[in-house]
Amino acid sequence: MDHGVSIIKEQQKVIIETVKNITRGDWKVLVVDEATKKILDNAVKEDDILNHNIANIERIEERREMNPTMDAIYILSPQPHIVECLLADFERRRYKKAFLLWTGVLPGDLSRKLTPMRPLIAGFETVFIDFIPRESHLITFRDPWSLPIFYHPACNELVAEHMRTMAQKIAAVCITLGEMPKVRYYRPRNPIHEASVLSGHLARFVQKELDDYKEWDPNFPPQSSRPQGVLLITDRSMDLMAPLLHEFTYQAMAHDLLRIKDGEKVTFHMTINEGTPAAEEKDMELSEKDKVWVENRHQHMKDTIEKLMDDFQKFLKQNPNFTDQEQDTTSLNAIKDMLAGLPQFQEMKEAYSLHLTMAQESMNIFQRHKLPDIASIEQTMATGLDEDLKKPKNTLDQVVRLLDDEAVTPSDRLRLIAIYVMYRDGVIPEDVKRLLAHASLPPSEGEKISNLELLGAQTTRGLKEVRVPPTPLFPRNTKNIAQSEEYALSRYEPAVKHMLEDLCRGALDPTVFPYTNPPLEPAEDAQAMQGSLRSAAPRWASANRRQVENRQRIIVFMAGGATYSEARACYDVSEKLNRDVFLATSHMLTPQLFLRQVGDLSVDRRRLDLPKDRPKPRAPAHLFERPAPPPMPAAPAPGGQRRAPVPPGGAVAGQQPRLPTKALGAMTLNSGRSSAPPPPAAAGGMIGRL
């Protein structure tokens, strides 16, 4: 399955080519900060950088040796404390010359601080790489605070600045992909929540960033035979069912049910070589380097298990000496036991052990906690149709029966209540209390339900209030739905998938998804989308690399966090409709994280621990320290004898240590710092305007 371009490789290319163009065969030091090191670690191997005449990689916040004979390349975040760190390096003349690369636009006030240091600056450039590619077509900003900033009522004054930051990162993704896309955004039909304007405002911020960049670089975007790309900006309120439903494709199911650690790396903790003397606990990484993961993550769990077992059977046929004819090779546990005895195939063994363990643990939870029954009623409520595609009956009875079942976990009970309340388009407040009581959940959990209103859900209504059911965002055509008993628990399709399919058909409603810059002829634009669909490559042409490179690129940004089911939908549309669809978001959501963050929308803002509410980071004091002056030459002792050498620590045995010199005693942390007034914009100030 060829997904065409990879955002990981595109970002890699920008980093390596930029470093190569500066070193040009001369040795240099590379200096990074905490944030840019994470970007580099995610995108490139250290050796890939060191191989291009980089002598060493150093952190700007840490203590470093002076190196005044060698030039330095700095890859830095455009933050005030990082600029202070850089000024400290300049004042100490730590390196010979500096090539400055900023991961985002350096604001004008920070740029002006660098002007006195212009003689030391050999280059100044903005490289738009301030994002974390997680998969070939999935990008995150690792910013889980984005959801409360956008939706918490007490965070209103943070929204504009946060949008500007998000817009620069979204523009960076477009610039890295070489796209100047048409920008469209989600505008709800009949909004009831204050944040309904979120996508529209964010889209205009992004449009300005792209326009400013094009004004600075008239050659952008680079020439290409691809159709012009599209950027769709939407937010979590477009689909509140997706983060709550149980999903049974491998990646989504594993993240929902298993203890997967989602930090700088995505890892699963397990015992490898279990039952053998070589057994050890290990954090196993789930990444693009793991071919088994990449091939199976979007498959239904049933298909994943079949594929894992089939692949193992093929391995045994190719290596018959590893098993005898009587061994069972048809169960997950038996295969895991056999894997423990294959030390010669360590890498393959670890990969298969990881995925067989994850699949087995997921299926154990699936059976133990009644997930087939839960998912059946979830799918009915989310789609509004039962398994026979008819209007459902006795929904409340089925929900209450599961709420009373001890096998159903408390978090699953809360998810069921939230889905039921949205399915009914609101219930009387007393009913929420009754449902929570059935579920044996504390009344305080009701806040998580009512807080969904901040994201556009209708959760309550009056006892005698008559309400017209809302028009579905994407009405379902039940005639074309293929019924399959095996996949009855996966009938719901995220709104993102319907949005992309309508876009590719030229049928996306311009009143609900307007343009920031409307086309002169909307009908022509729709025809262009259909035209590119008609020119989709036939199957026999998929091997033609040129065809893949010509695929239109669509970037979806989901404000407030995206789900793994939405990521899968983007890959599906890429494959079926011959596009390259990229999903970008602030952070990835699991159902547990989503409900926790929704619950936080009513807590005191101080409890959120937002980065903006923490003390501002400052440059470490040690960067401004002056080295101690060299010791004075010792006077000869009477009689021509020399004094005994001073031992480490500065004091001769039996004597008090010498007091510091006056010069050292008069030092302050700010010694030697420039006190000149801010001069006009520094080199590269034109980039700072963006």
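## Reading a predicted chain, feature by feature

Mentor: Let's start with the surface: the chain exposes about 34,700 Å², and carbon and sulfur atoms supply 52% of that area. Accessible areas here come from the Shrake-Rupley method with a 1.4 Å probe, and for residues only the protein chains shown count as cover. This is a predicted model, in which local features need pLDDT of at least 70 and side-chain atom pairs count only at pLDDT 80 or more, while totals for chains, interfaces and linings use all residues. Residues are numbered from 1 along each chain as its sequence is written, and side-chain values use heavy atoms, with hydrogens and water left out.

Trainee: What share of the residues in the chain is buried?

Mentor: Buried means under 20% relative accessible area, exposed means over 50%, and partly exposed is in between (1.4 Å probe, protein chains only). Of the 690 residues in this chain, 51% are buried.

Trainee: How many helices and strands are there?

Mentor: Helices (H or I, at least four residues) and strands (E, at least two) are DSSP runs, numbered from the N terminus. The chain comes to 25 helices and 16 strands. As for contacts, meaning heavy atoms within 4.5 Å, residues 24 or more positions apart account for 78% of those with a separation of 6 or more.

Trainee: Which residues have the most contacts inside the largest nonpolar core?

Mentor: A nonpolar core is a set of buried Ala, Val, Leu, Ile, Met, Phe, Trp, Tyr and Cys residues joined through side-chain atoms within 4.5 Å. The largest one has 107 residues, and Leu202, Ile233, Met358, Ile417, Phe557 and Phe594 have the most contacts inside it. Helix H7 (residues 159-176) gives the largest share of this core, ten residues. Another core lies apart from it, with 28 residues that include Met238, Leu503, Val512 and Tyr564.

Trainee: And what does Ile417 touch?

Mentor: Not counting residues up to four places away in sequence, Ile417 touches Leu403, Leu435, Leu436, Ala439, Leu441 and Ile449.

Trainee: Why is helix H19 described as largely enclosed?

Mentor: Helix H19 (residues 495-504) has nine of its ten residues buried, so the rest of the structure largely encloses it. Among the buried ones are Lys497, His498 and Asp502, along with Met499 and Leu500. After H19 comes Gly506, with a positive phi near 75°.

Trainee: Now for charges. How many salt bridges does the structure hold?

Mentor: A salt bridge is a side-chain nitrogen of Lys or Arg within 4 Å of a carboxyl oxygen of Asp or Glu. The structure holds 40 of them. In one, the side chains of Arg236 and Glu566 meet at 2.6 Å, N to O. This pair links distant parts of the chain, 330 residues apart: Arg236 is in the loop between strand E9 (230-235) and helix H9 (250-257), and Glu566 is in helix H22 (residues 564-577). Arg236 is buried at 0% relative accessible area, and Glu566 is buried with a value of 0%.

Trainee: Is Lys370, which pairs with Asp405, buried or partly exposed?

Mentor: Lys370 counts as partly exposed, because its relative accessibility is 30%. The closest N and O atoms of Lys370 and Asp405 are 2.5 Å apart. Salt bridges can also join up: Glu34, Lys38 and Glu264 are linked in a network of them.

Trainee: What about a buried charge such as Asp386, where is the nearest side chain of opposite charge?

Mentor: For this reading, Lys and Arg count as positive and Asp and Glu as negative, while His and the chain ends are not counted. Asp386 is buried yet has no salt bridge, and the nearest side chain of opposite charge, Arg491, is 6.3 Å away. You will find Asp386 in the loop between helix H14 (371-383) and helix H15 (395-403). A polar atom of the Asp386 side chain lies 2.8 Å from the backbone nitrogen of Asp388.

Trainee: With which side chain does Glu61 make a polar contact?

Mentor: A polar contact is a pair of N or O atoms within 3.5 Å; within protein, one must be able to donate a hydrogen and the other to accept it, and residues adjacent in sequence count only if both atoms are side-chain atoms. The Glu61 side chain makes such a contact with the side chain of Arg59, at 2.7 Å. Glu61 sits in the loop between strand E2 (54-59) and strand E3 (72-76), and counts as buried at 15% relative accessibility.
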